[in-house]
Amino acid sequence: MSAPRSHTTTPAPSWRRRRLDRQHSLGLRLTLAATAAFLVLVPFALLMLLVLTAWPPLHDLDRSVTDALHGYALTHPGWVRAMSWWTDVFGPTPLRLVALVGVLWLLWRRARRLALWVVTTMTVGALLGAVLKLLVGRHRPELLDPVARAAGWSFPSGHALNATLFAGVLLLVLLPYARDRWWAKLALWTVALLIAVATGFSRIALGVHWASDVLGGWLLGVAVIVATASAFTTWRRQVGRRPVRTAREGVEPELADSPNATGGRDVA
(Lines give C-alpha, C1' and ligand atoms only; values in the text may rest on other atoms or scores of the structure.)
Protein backbone atom coordinates (compact mmCIF):
# COMPACT_ATOMS: atom_id res chain seq x y z
CA MET A 1 0.00 0.00 0.00
CA SER A 2 1.53 3.28 -1.07
CA ALA A 3 2.22 5.98 1.43
CA PRO A 4 -0.15 8.91 1.35
CA ARG A 5 1.09 11.86 -0.63
CA SER A 6 1.93 14.95 1.27
CA HIS A 7 0.32 18.07 -0.08
CA THR A 8 2.58 21.01 0.61
CA THR A 9 1.84 24.40 -0.79
CA THR A 10 4.34 27.17 -1.19
CA PRO A 11 3.01 30.29 0.41
CA ALA A 12 2.43 33.13 -2.03
CA PRO A 13 5.00 35.90 -1.73
CA SER A 14 3.86 38.96 0.09
CA TRP A 15 2.89 42.14 -1.73
CA ARG A 16 6.11 43.80 -0.57
CA ARG A 17 8.27 40.93 -1.86
CA ARG A 18 6.50 40.97 -5.22
CA ARG A 19 7.05 44.71 -5.57
CA LEU A 20 10.79 44.39 -4.91
CA ASP A 21 11.39 41.11 -6.76
CA ARG A 22 13.88 41.56 -9.61
CA GLN A 23 12.26 38.62 -11.40
CA HIS A 24 9.11 40.68 -11.72
CA SER A 25 10.68 43.71 -13.34
CA LEU A 26 7.38 45.43 -14.07
CA GLY A 27 6.40 45.44 -10.41
CA LEU A 28 9.86 46.57 -9.43
CA ARG A 29 9.87 49.38 -11.95
CA LEU A 30 6.42 50.52 -10.86
CA THR A 31 7.57 50.56 -7.26
CA LEU A 32 10.72 52.51 -8.05
CA ALA A 33 8.79 54.96 -10.24
CA ALA A 34 6.17 55.55 -7.56
CA THR A 35 8.91 56.04 -5.00
CA ALA A 36 10.72 58.54 -7.22
CA ALA A 37 7.55 60.55 -7.82
CA PHE A 38 6.76 60.49 -4.10
CA LEU A 39 10.26 61.67 -3.18
CA VAL A 40 9.85 64.64 -5.51
CA LEU A 41 6.37 65.47 -4.22
CA VAL A 42 7.46 65.42 -0.58
CA PRO A 43 9.64 68.55 -0.77
CA PHE A 44 6.98 70.25 -2.90
CA ALA A 45 4.29 69.47 -0.33
CA LEU A 46 6.55 70.68 2.48
CA LEU A 47 7.32 73.89 0.60
CA MET A 48 3.61 74.47 -0.05
CA LEU A 49 2.88 73.96 3.65
CA LEU A 50 5.53 76.51 4.60
CA VAL A 51 4.02 78.96 2.11
CA LEU A 52 0.50 78.40 3.42
CA THR A 53 1.60 78.95 7.02
CA ALA A 54 3.73 81.98 6.06
CA TRP A 55 6.78 80.51 7.80
CA PRO A 56 8.87 83.57 8.80
CA PRO A 57 12.31 82.22 7.74
CA LEU A 58 10.97 81.41 4.26
CA HIS A 59 9.31 84.80 4.01
CA ASP A 60 12.52 86.56 5.05
CA LEU A 61 14.55 84.58 2.51
CA ASP A 62 12.07 85.33 -0.27
CA ARG A 63 12.06 89.01 0.62
CA SER A 64 15.86 89.29 0.74
CA VAL A 65 16.27 87.62 -2.67
CA THR A 66 13.57 89.78 -4.23
CA ASP A 67 14.97 93.01 -2.76
CA ALA A 68 18.51 92.22 -3.93
CA LEU A 69 17.47 91.38 -7.50
CA HIS A 70 15.04 94.29 -7.68
CA GLY A 71 17.73 96.72 -6.57
CA TYR A 72 19.99 95.43 -9.34
CA ALA A 73 17.19 95.65 -11.92
CA LEU A 74 16.47 99.30 -11.10
CA THR A 75 20.00 100.33 -12.06
CA HIS A 76 20.43 97.98 -15.05
CA PRO A 77 17.71 98.52 -17.69
CA GLY A 78 19.53 96.26 -20.16
CA TRP A 79 19.23 93.41 -17.66
CA VAL A 80 15.51 94.05 -17.36
CA ARG A 81 15.08 93.97 -21.14
CA ALA A 82 16.99 90.69 -21.37
CA MET A 83 14.94 89.08 -18.60
CA SER A 84 11.69 90.37 -20.11
CA TRP A 85 12.64 88.97 -23.51
CA TRP A 86 13.48 85.59 -22.02
CA THR A 87 10.34 85.35 -19.92
CA ASP A 88 8.20 86.23 -22.95
CA VAL A 89 9.89 83.85 -25.39
CA PHE A 90 9.84 80.95 -22.92
CA GLY A 91 6.46 81.70 -21.41
CA PRO A 92 3.72 79.07 -21.11
CA THR A 93 1.90 79.99 -24.33
CA PRO A 94 4.94 79.92 -26.68
CA LEU A 95 6.18 76.68 -25.13
CA ARG A 96 2.77 75.06 -25.53
CA LEU A 97 2.69 76.10 -29.17
CA VAL A 98 6.11 74.55 -29.75
CA ALA A 99 4.96 71.42 -27.92
CA LEU A 100 1.92 71.30 -30.22
CA VAL A 101 4.21 71.42 -33.24
CA GLY A 102 6.14 68.55 -31.68
CA VAL A 103 2.92 66.58 -31.24
CA LEU A 104 2.06 67.06 -34.92
CA TRP A 105 5.55 65.91 -35.87
CA LEU A 106 5.18 62.80 -33.71
CA LEU A 107 1.82 62.05 -35.31
CA TRP A 108 3.49 62.35 -38.72
CA ARG A 109 6.08 59.87 -37.47
CA ARG A 110 3.20 57.61 -36.42
CA ALA A 111 4.29 57.81 -32.79
CA ARG A 112 0.75 58.25 -31.55
CA ARG A 113 1.30 57.07 -27.99
CA LEU A 114 4.34 59.29 -27.63
CA ALA A 115 2.32 62.25 -28.93
CA LEU A 116 -0.36 61.42 -26.36
CA TRP A 117 2.30 61.34 -23.65
CA VAL A 118 3.46 64.84 -24.59
CA VAL A 119 -0.11 66.18 -24.54
CA THR A 120 -0.85 64.46 -21.23
CA THR A 121 2.32 65.72 -19.56
CA MET A 122 1.83 69.34 -20.61
CA THR A 123 -1.90 69.32 -19.85
CA VAL A 124 -1.77 67.59 -16.47
CA GLY A 125 1.04 69.83 -15.31
CA ALA A 126 -0.73 73.01 -16.41
CA LEU A 127 -3.99 71.98 -14.74
CA LEU A 128 -2.25 71.07 -11.50
CA GLY A 129 -0.47 74.40 -11.47
CA ALA A 130 -3.70 76.34 -12.04
CA VAL A 131 -5.57 74.44 -9.31
CA LEU A 132 -2.74 74.84 -6.79
CA LYS A 133 -2.55 78.58 -7.47
CA LEU A 134 -6.20 78.87 -6.49
CA LEU A 135 -5.83 76.67 -3.44
CA VAL A 136 -2.77 78.47 -2.08
CA GLY A 137 -3.86 81.98 -3.04
CA ARG A 138 -0.48 83.58 -2.45
CA HIS A 139 0.03 87.22 -3.45
CA ARG A 140 2.87 88.28 -5.70
CA PRO A 141 5.66 90.57 -4.46
CA GLU A 142 4.57 94.19 -4.01
CA LEU A 143 7.35 96.59 -4.96
CA LEU A 144 7.39 100.39 -4.85
CA ASP A 145 8.92 100.76 -8.30
CA PRO A 146 8.23 97.51 -10.19
CA VAL A 147 10.05 96.80 -13.45
CA ALA A 148 7.40 94.29 -14.58
CA ARG A 149 3.87 93.25 -13.69
CA ALA A 150 1.95 89.98 -13.75
CA ALA A 151 -1.62 89.03 -12.90
CA GLY A 152 -2.96 86.14 -10.86
CA TRP A 153 -1.75 84.24 -7.85
CA SER A 154 1.88 83.52 -7.19
CA PHE A 155 2.50 79.92 -6.01
CA PRO A 156 3.62 77.88 -7.86
CA SER A 157 5.18 79.82 -10.72
CA GLY A 158 3.41 78.92 -13.95
CA HIS A 159 6.42 79.96 -16.01
CA ALA A 160 8.79 77.75 -14.00
CA LEU A 161 6.33 74.85 -14.06
CA ASN A 162 5.64 74.95 -17.79
CA ALA A 163 9.28 75.52 -18.67
CA THR A 164 10.19 72.43 -16.64
CA LEU A 165 7.47 70.38 -18.31
CA PHE A 166 8.58 71.51 -21.76
CA ALA A 167 12.25 70.91 -20.98
CA GLY A 168 11.48 67.39 -19.76
CA VAL A 169 9.37 66.58 -22.82
CA LEU A 170 12.01 67.99 -25.16
CA LEU A 171 14.74 65.99 -23.48
CA LEU A 172 12.95 62.64 -23.27
CA VAL A 173 11.62 62.82 -26.84
CA LEU A 174 14.93 63.82 -28.47
CA LEU A 175 17.36 61.71 -26.44
CA PRO A 176 16.99 58.74 -28.84
CA TYR A 177 18.55 60.85 -31.60
CA ALA A 178 21.68 61.38 -29.50
CA ARG A 179 22.28 57.60 -29.60
CA ASP A 180 25.66 56.87 -27.99
CA ARG A 181 27.13 60.31 -28.59
CA TRP A 182 27.89 61.64 -25.13
CA TRP A 183 28.32 65.21 -26.37
CA ALA A 184 24.85 65.18 -27.95
CA LYS A 185 23.29 63.93 -24.71
CA LEU A 186 25.20 66.58 -22.76
CA ALA A 187 23.95 69.25 -25.16
CA LEU A 188 20.32 68.12 -24.75
CA TRP A 189 20.60 68.05 -20.96
CA THR A 190 22.23 71.50 -21.00
CA VAL A 191 19.50 73.01 -23.18
CA ALA A 192 16.75 71.47 -21.05
CA LEU A 193 18.26 72.71 -17.79
CA LEU A 194 18.89 76.15 -19.26
CA ILE A 195 15.26 76.53 -20.36
CA ALA A 196 13.90 75.50 -16.97
CA VAL A 197 16.39 77.32 -14.75
CA ALA A 198 16.70 80.56 -16.72
CA THR A 199 12.93 80.89 -17.17
CA GLY A 200 12.31 80.46 -13.46
CA PHE A 201 15.10 82.86 -12.57
CA SER A 202 13.74 85.51 -14.94
CA ARG A 203 10.52 85.61 -12.94
CA ILE A 204 12.40 86.33 -9.72
CA ALA A 205 14.67 88.86 -11.43
CA LEU A 206 11.65 90.79 -12.72
CA GLY A 207 10.08 90.82 -9.26
CA VAL A 208 6.86 89.06 -10.27
CA HIS A 209 7.49 85.89 -8.26
CA TRP A 210 9.05 84.91 -4.96
CA ALA A 211 11.99 82.50 -5.11
CA SER A 212 9.89 79.82 -3.37
CA ASP A 213 7.23 80.17 -6.11
CA VAL A 214 9.80 79.26 -8.73
CA LEU A 215 11.20 76.42 -6.66
CA GLY A 216 7.68 75.07 -6.28
CA GLY A 217 7.14 75.23 -10.05
CA TRP A 218 10.36 73.33 -10.68
CA LEU A 219 9.54 70.61 -8.14
CA LEU A 220 5.99 70.13 -9.39
CA GLY A 221 7.18 69.98 -13.00
CA VAL A 222 9.75 67.31 -12.20
CA ALA A 223 7.15 65.28 -10.29
CA VAL A 224 4.75 65.34 -13.27
CA ILE A 225 7.52 64.34 -15.69
CA VAL A 226 8.57 61.44 -13.46
CA ALA A 227 4.99 60.23 -13.08
CA THR A 228 4.02 60.39 -16.76
CA ALA A 229 7.35 58.98 -17.98
CA SER A 230 6.94 56.08 -15.55
CA ALA A 231 3.46 55.42 -16.89
CA PHE A 232 4.82 55.38 -20.44
CA THR A 233 7.65 52.97 -19.61
CA THR A 234 5.11 50.73 -17.86
CA TRP A 235 3.09 50.58 -21.08
CA ARG A 236 6.26 49.60 -22.92
CA ARG A 237 6.71 46.64 -20.62
CA GLN A 238 3.09 45.60 -21.00
CA VAL A 239 3.40 45.40 -24.79
CA GLY A 240 6.68 43.48 -24.59
CA ARG A 241 9.18 46.18 -25.39
CA ARG A 242 12.58 46.23 -23.80
CA PRO A 243 13.28 48.22 -20.63
CA VAL A 244 14.79 51.66 -21.14
CA ARG A 245 17.09 53.88 -19.15
CA THR A 246 14.94 56.96 -19.46
CA ALA A 247 17.58 59.50 -18.46
CA ARG A 248 19.93 58.15 -21.16
CA GLU A 249 17.63 56.85 -23.89
CA GLY A 250 14.43 58.85 -23.53
CA VAL A 251 11.00 57.28 -23.27
CA GLU A 252 10.89 55.81 -26.80
CA PRO A 253 14.36 54.85 -28.11
CA GLU A 254 12.86 53.29 -31.25
CA LEU A 255 11.73 56.72 -32.46
CA ALA A 256 15.11 57.47 -34.02
CA ASP A 257 14.96 54.25 -36.05
CA SER A 258 11.32 54.33 -37.11
CA PRO A 259 10.20 55.19 -40.64
CA ASN A 260 8.02 58.24 -41.17
CA ALA A 261 4.41 58.37 -42.10
CA THR A 262 5.10 57.73 -45.76
CA GLY A 263 5.42 54.06 -45.03
CA GLY A 264 6.13 51.92 -42.03
CA ARG A 265 4.88 50.70 -38.71
CA ASP A 266 3.53 52.72 -35.82
CA VAL A 267 6.36 53.08 -33.31
CA ALA A 268 4.05 53.74 -30.40
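Patches here are built from residues with over 30% relative accessible area and no salt bridge, joining like charges within 9 Å and nonpolar side chains (Val, Leu, Ile, Met, Phe, Trp, Tyr) within 5 Å. The model is predicted, so local features need pLDDT of at least 70 and side-chain atom pairs count only at pLDDT 80 or more, while totals for chains, interfaces and linings use all residues. Residues are numbered from 1 along each chain as its sequence is written, and side-chain values use heavy atoms, with hydrogens and water left out.

View 1. Leu97, Leu100, Leu104 and Leu107 make a nonpolar surface patch of about 390 Å². Areas come from the Shrake-Rupley method with a 1.4 Å probe, and for residues only the protein chains shown count as cover. Leu104 sits in helix α5, residues 92–108; helices (H or I, at least four residues) and strands (E, at least two) are DSSP runs, numbered from the N terminus. With 53% relative accessibility, Leu104 counts as exposed. For this and the views below, buried means under 20% relative accessible area, exposed over 50%, and partly exposed in between (1.4 Å probe, protein chains only).

**View 2. Arg138 and its two aspartates.** Salt bridges link Asp62, Arg138 and Asp213 in a network; each such bridge is a side-chain nitrogen of Lys or Arg within 4 Å of a carboxyl oxygen of Asp or Glu. On one side, Arg138 pairs with Asp62, and their closest N and O atoms are 2.9 Å apart. That pair links distant parts of the chain, with Asp62 in helix α3 (residues 56–74) and Arg138 in the loop between α6 (112–136) and α7 (158–178), 76 residues apart. Arg138 also meets Asp213, at 2.6 Å from N to O. Here too the partners come from distant parts of the chain, since Asp213 belongs to helix α9 (residues 211–238) and lies 75 residues from Arg138. What about cover? Asp62 is buried at 2% relative accessible area, Arg138 is buried at 13%, and Asp213 is buried at 0%.

**View 3. The Arg245 and Glu249 pair.** The whole structure holds 4 salt bridges, and this is one of them: the closest N and O atoms of Arg245 and Glu249 are 3.8 Å apart. Arg245 counts as exposed at 51% relative accessibility, whereas Glu249 counts as buried at 15%.

**View 4. Helix α5 against α7.** These two helices pack at an angle of about 25°, and their axes are 10 Å apart. Axes are lines fitted to C-alpha atoms, for helices over the stretch in contact, with angles running from 0 to 180 degrees between N-to-C directions. So α5 and α7 are roughly parallel to each other, given that angles under 35 degrees count as roughly parallel, over 145 as roughly antiparallel, 65 to 115 as roughly perpendicular and the rest as oblique. The crossing of α5 past α7 is left-handed, that is, the near helix is turned anticlockwise from the far one by less than a right angle (clockwise would be right-handed).

View 5. Phe155 and Pro156 are joined by a cis peptide bond, with omega at about -10°; Pro156 lies in the loop between α6 and α7. Ala54 has a positive phi, near 50°, in a residue other than glycine. Its place is the loop between α2 (25–52) and α3, and Ala54 is exposed with 53% relative accessible area. Arg110 has a positive phi near 65° and lies in the loop between α5 and α6. At 29% relative accessible area, Arg110 is partly exposed.
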